[in-house]
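Trainee: I should like to learn how to read the features of a protein model. May we work through one together?

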Amino acid sequence: MHPIPPHVQPSGLSRRLCLSAVAATAAAPWLVTRAAQPIAGGRTITLVVSYPAGGGADLMARIIAPRLAEALGQGVVVDNKPGASGQLAAAQVARATPDGSTLLLDASSFAVNPSLYPRLPYDSDKAFTPLAVLATFPNVLVCTPSFEAQSVRDVLRLARAKPGDLAYASSGNGSAQHLAGALFEARTGAQLSHVPYRGGGPALNDVMGGQVPLFFANVASSLGHIQAGKLRALAVTSRVRTRSLPDVPTMEQAGVAGYEVLEWNPVLAPAGLPEATRQTLVAGLRRALADPEVLGRVRQLGGDVFADASQASAGRFIHEQQAQWAQVVRERRITVG
């Protein structure tokens, strides 16, 4: 998970954040481009987030929502609807009226769920209109400092010497960390032992404590521990090095060809969205993503704003991710049971 800085911690018990367009425009009127035809007659837009307050998807919602409100000239409310690996939120949005008043902000699990769950309460390909991918975040392969491996090549040497003995932690079956490990096995032929936890926090703590040697951690949640010497970073899972860890090689540079794992956040609307509404929302999201404060905060978390915020690019990226993880899930026989 991405940690939330203190100044954006959610308050109260409702887990809801109402962002007034009036207040936003008063604070920064030069950023506003009011749509000729307000979304849903000017009603407040609900951004349904698929994970709890405090996680990466929630943080992205709280970063992007004020700027989207400014761009559209109307209110945006963030509503956390966690559960079932994002399925509850997605199902709610799939059933919503396609007028732009209800949007889904999800995580990379959106592309994995169709392969892991044979009976989703919605059709991932037909129930939504992709609008944008907001940002991408790499993972980083870390180990406890006492672990003998100093590089990915050392990890592979140890794994091949005793197949199945070398373990890596994850935040649960089917999680991003689990799939990162599964793809690592698929690309290298190594056999590792998967140790699922109930959440990334407990997994990270046990790796730092030496109970499990390896973890494909989120950069944002592990960066402080790496800098403090409590974890050793071996490689990042993106195709290029991350600004947060410039001295850490990518998996490709470490010798694992064809390896890339990113966590990312799409925004989708219900299927049947009118074309004019879709264009207005896409334009608003693109304007929000171009804001220097948004760019800076995403980079602080070790990520990058998605290179092409167009609707066509978002749909293409989602389908590519679905195909990649469907193959990994099938070949590695991954289940959530």
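Predicted model: local features only at pLDDT ≥ 70, side-chain atom pairs only at ≥ 80, totals over all residues.

Mentor: The protein has 11 helices and 11 strands.

Trainee: What percentage of the 337 residues is buried?

Mentor: Buried residues make up 55% of them. As for contacts in the protein with a separation of 6 or more, 78% are accounted for by residues 24 or more positions apart.

Trainee: How many residues of helix H2 are buried?

Mentor: H2 covers residues 56-72, and 16 of its 17 residues are buried, so that the helix is mostly covered.

Trainee: Where does H2 bend?

Mentor: There is a bend of about 30° at Ile-64, and the proline Pro-66 follows within four residues. After the helix comes Gly-73, with a positive phi near 75°.

Trainee: At what angle do H2 and H9 pack?

Mentor: H2 packs with helix H9, residues 275-289, at an angle of about 125°, and the two axes are 8 Å apart. The angle makes H2 oblique to H9. The crossing is right-handed.

Trainee: Which residues meet there?

Mentor: Let us begin with the general idea. In an α-helix there are 3.6 residues a turn, so residues three or four places apart point the same way. In this case, the residues of H2 that meet H9 are Ile-64, Arg-67, Leu-68, Ala-71 and Leu-72. Among their partners in H9 are Thr-280, Leu-281 and Gly-284.

Trainee: How should I read phi in a loop?

Mentor: Most residues other than glycine have a negative phi. In the loop between S3 and H3 lies Ala-84, which has a positive phi of about 55° although it is not a glycine. Ser-85 is in the loop between S3 and H3 as well, and its phi is also positive, near 55°.

Trainee: What does Lys-81 contact, leaving aside its neighbours within four places in sequence?

Mentor: Lys-81, in the loop between strand S3 and helix H3, is in contact with Val-48, Val-49, Ser-50, Leu-88, Ala-89 and Gln-92. Lys-81 is partly exposed, at 35%.

Note on methods. Residues numbered from 1 in each chain as written. Heavy atoms only, no water. Helix = DSSP H or I, 4+ residues; strand = E, 2+ residues; numbered from the N terminus. Buried < 20%, exposed > 50% of the residue type's maximum accessible area, 1.4 Å probe, protein only. Contact = heavy atoms within 4.5 Å. Expected span 1.5 Å × (residues − 1). Bend = angle between axes of the 7 residues up to and from the residue. Axes fitted to C-alpha atoms, helices over the stretch in contact; angles between N-to-C directions. Parallel < 35°, antiparallel > 145°, perpendicular 65-115°, else oblique. Left-handed = near helix turned anticlockwise from the far one by under 90°.
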